[in-house]
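Please look at the sequence and the three-dimensional model shown here, and keep both in view while reading the briefing that follows.

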Amino acid sequence: MPQETKTRKTRVGGRRKKDPNAPKRSLSAYMFFANEQREVVRSENPGIKFGQVGKLLGERWKALGPKDKIPYESRAAQDKKRYEEEKSAYLANGGAAADYIDDE
């Protein structure tokens, strides 16, 4: 009996693309910290690989005390507020087209 060839089924259409006019998501407190500290970590560790930078940033974030995280958390709260305002304005103007995908 000959072997049957298996064909992989693909989705018709695939995933819809996000609307390029949609507002950008808000950043977390960790991302504000990482963006600020990334160059410091690279300058302290020349030749460090990409994954190692992330690992060191994660370790530094965990080592921060609650008081040290306050500035980053306040920036994250402001950015979340900005995102919510932009999102509501976007939706009010009919921005939620059929090809818009909300990640929440």
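Rings of Phe, Tyr and Trp (its six-membered ring) are said to pair if their centres lie within 6.5 Å; planes under 30 degrees apart count as stacked, those over 60 as edge-to-face, and the rest as tilted. In this structure, ring pairs link Tyr30, Phe33, Trp61 and Tyr72 into a cluster. The model is predicted, and local features need pLDDT of at least 70, side-chain atom pairs count only at pLDDT 80 or more, while totals for chains, interfaces and linings use all residues. Residues are numbered from 1 along each chain as its sequence is written, and side-chain values use heavy atoms, with hydrogens and water left out.

**The chain as a whole**

- The secondary structure of the chain comes to 3 helices and 0 strands, where helices (H or I, at least four residues) and strands (E, at least two) are DSSP runs, numbered from the N terminus.
- Read from the N terminus on, the elements run α-α-α.
- Of the 104 residues in the chain, 21% are buried; buried means under 20% relative accessible area, exposed means over 50%, and partly exposed lies in between (1.4 Å probe, protein chains only).
- Among the contacts in the chain with a separation of 6 or more, 67% are between residues 24 or more positions apart, a contact being heavy atoms within 4.5 Å.
- The accessible surface of the chain comes to about 8600 Å², and 53% of this belongs to carbon and sulfur atoms; such areas come from the Shrake-Rupley method with a 1.4 Å probe, and for residues only the protein chains shown count as cover.

**The aromatic pairs**

- The structure holds 4 aromatic pairs.
- The rings of tyrosine 30 and tryptophan 61 form an edge-to-face pair, because their centres are 5.9 Å apart and their planes stand at 75°.
- This pair links distant parts of the chain, since tyrosine 30 is in helix α1 (residues 29–44) and tryptophan 61 is in helix α2 (residues 50–63), 31 residues apart.
- Tyrosine 30 counts as partly exposed at 26% relative accessibility, whereas tryptophan 61 counts as buried at 14%.
- Phenylalanine 33 and tryptophan 61 form a tilted aromatic pair, with 5.3 Å from centre to centre and 50° between the planes.
- Because phenylalanine 33 lies in helix α1 and tryptophan 61 in helix α2, this pair ties together parts that are 28 residues apart in sequence.
- Phenylalanine 33 is buried, as is tryptophan 61.

**Helix α3**

- The end C-alpha atoms of α3 are 38 Å apart, which agrees with the 39 Å that its 27 residues should span at 1.5 Å a residue; the expected span of a helix is 1.5 Å times one less than its number of residues.
- At tyrosine 72, α3 bends by about 30°, the bend at a residue being the angle between axes fitted to the seven residues ending there and the seven starting there.
- The buried residues of α3 are Lys69, Tyr72, Ala76, Asp79, Tyr83, Lys87 and Tyr90, and these buried residues pack against α1 and α2.
- Leucine 91 lies in helix α3 (residues 66–92), and with a relative accessible area of 39% leucine 91 is partly exposed.
- Although leucine 91 and alanine 22 are 69 residues apart in sequence, they are 9.0 Å apart in space, C-alpha to C-alpha.
- Just after α3, glycine 94 takes a positive phi of about 75°.

**The salt bridges**

- The structure holds 5 salt bridges, a salt bridge being a side-chain nitrogen of Lys or Arg within 4 Å of a carboxyl oxygen of Asp or Glu.
- In one of them, the side chains of arginine 75 and glutamate 36 meet at 3.1 Å, N to O, and this pair links distant parts of the chain, with arginine 75 in helix α3 and glutamate 36 in helix α1, 39 residues apart.
- Another salt bridge joins the side chains of glutamate 44 and arginine 60 at 2.3 Å, N to O; glutamate 44 lies in helix α1 and arginine 60 in helix α2, so the pair ties together parts that are 16 residues apart in sequence.
- The side chains of glutamate 86 and arginine 82 also meet in a salt bridge, at 2.9 Å from N to O, and both residues lie in helix α3, 4 residues apart, about one turn of the helix.
- Salt bridges link Asp79, Arg82 and Glu86 in a network.
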